[in-house]
Amino acid sequence: MNLAVERKPLRADAARNVDKIINAARECFREYGPDVPLQTIAATAGVGPATLFRNFSDKEQLVLAALNRQLRLTVDPVIDIALASQDAADGLFRVIDSVMAAASDNANLLGAVAGRRDLLTGITGSLIESVGILLGRGQGQGTLRTDISLTDMVRLLAMLIGVVDTMEPGSDAWRRPAALVEDAIRSERPERSLPPQVPMPGMQFDQQSSCQRGIFR
């Protein structure tokens with residue numbers, strides 16, 4: 001059972017504490033990075049460590065709860081609109097954009113479960129199911145390539161989320177690679193320019209001098 005997702009109903013005061021802890025976790029991870037101590041999160045939430053550990057046995061469980069909260073708040077409404085839309089391909093790419101925006105806003109939370117992607121399965125099941133529905137509809141409408149499978153889409157989403165590791169948290173640098181994925185899976189390439197290129201942090205260098213050092217050889 002994924003305790004970050006399947007929780008028993010809480011008393012009103014306990015529910016308020018959980019909300020405060022999750023909000024504090026997002027704030028602390030954003031400010032201090034993925035290695036922030038749970039004691040710091042408890043202090044920021046205004047609760048004692050015992051209250052935090054009574055609701056979340058470890059950091060992974062708290063991270064999953066925070067990520068789950070963000071998906072439910074920011075991605076689920078987009079999925080609902082996409083599933084009701086006549087243009088399935090447009091709906092699919094709106095969902096991908098919402099996932100990427102959430103991943104960018106919560107980059108340090110994702111960093112806290114890096115290498116444990118299996119932990120995310122319990123909070124992304126409905127997302128993957130919806131992507132599969134939209135993919136099938138788009139293929140039926142002739143707007144998405146028919147040789148693309150749901151497995152391909154899951155891997156493409158994982159690749160895109162990996163882009164978050166190459167950019168500043170909260171950046172929209174993901175828009176360009178997301179547009180490249182759209183170009184790759186639409187049956188016809190959209191008539192539009194790619195979003196602007198955003199340099200990777202710490203990669204401000206002169207290409208010519210780098211070539212001379214053999215980096216591009």
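Colleague: Which residues of H7 are buried?

Modeller: This is a predicted model, in which local features need pLDDT of at least 70, side-chain atom pairs count only at pLDDT 80 or more, and totals for chains, interfaces and linings use all residues. Residues are numbered from 1 along each chain as its sequence is written, and side-chain values use heavy atoms, without hydrogens and water. Buried means under 20% relative accessible area with a 1.4 Å probe, protein chains only. By that criterion, the buried residues of H7 are Ile123, Leu127, Ser130, Val131, Leu134, Leu135 and Gly138.

Colleague: Which helices are included in what covers the buried residues of H7?

Modeller: Contact here means heavy atoms within 4.5 Å. The cover of the buried H7 residues includes helix H4 (59-84), helix H5 (88-105) and helix H8 (150-162).

Colleague: How far does H7 reach from its first C-alpha to its last?

Modeller: Helices are DSSP runs (H or I, at least four residues), numbered from the N terminus. H7 spans residues 121-141, 21 residues in total, and 30 Å is expected at 1.5 Å a residue, the expected span being 1.5 Å times one less than the number of residues. The reach of H7 is close to that value, at 29 Å.

Colleague: Which residues does Ile96 touch, not counting those up to four places away in sequence?

Modeller: Ile96 is among the residues that touch the most other members of the largest nonpolar core, which has 59 residues. Such a core is a set of buried Ala, Val, Leu, Ile, Met, Phe, Trp, Tyr and Cys residues joined through side-chain atoms within 4.5 Å. With those sequence neighbours left out, Ile96 touches Met153, Leu157 and Leu160.

Key: Helices (H or I, at least four residues) and strands (E, at least two) are DSSP runs, numbered from the N terminus. Buried means under 20% relative accessible area, exposed over 50%, partly exposed in between (1.4 Å probe, protein chains only).
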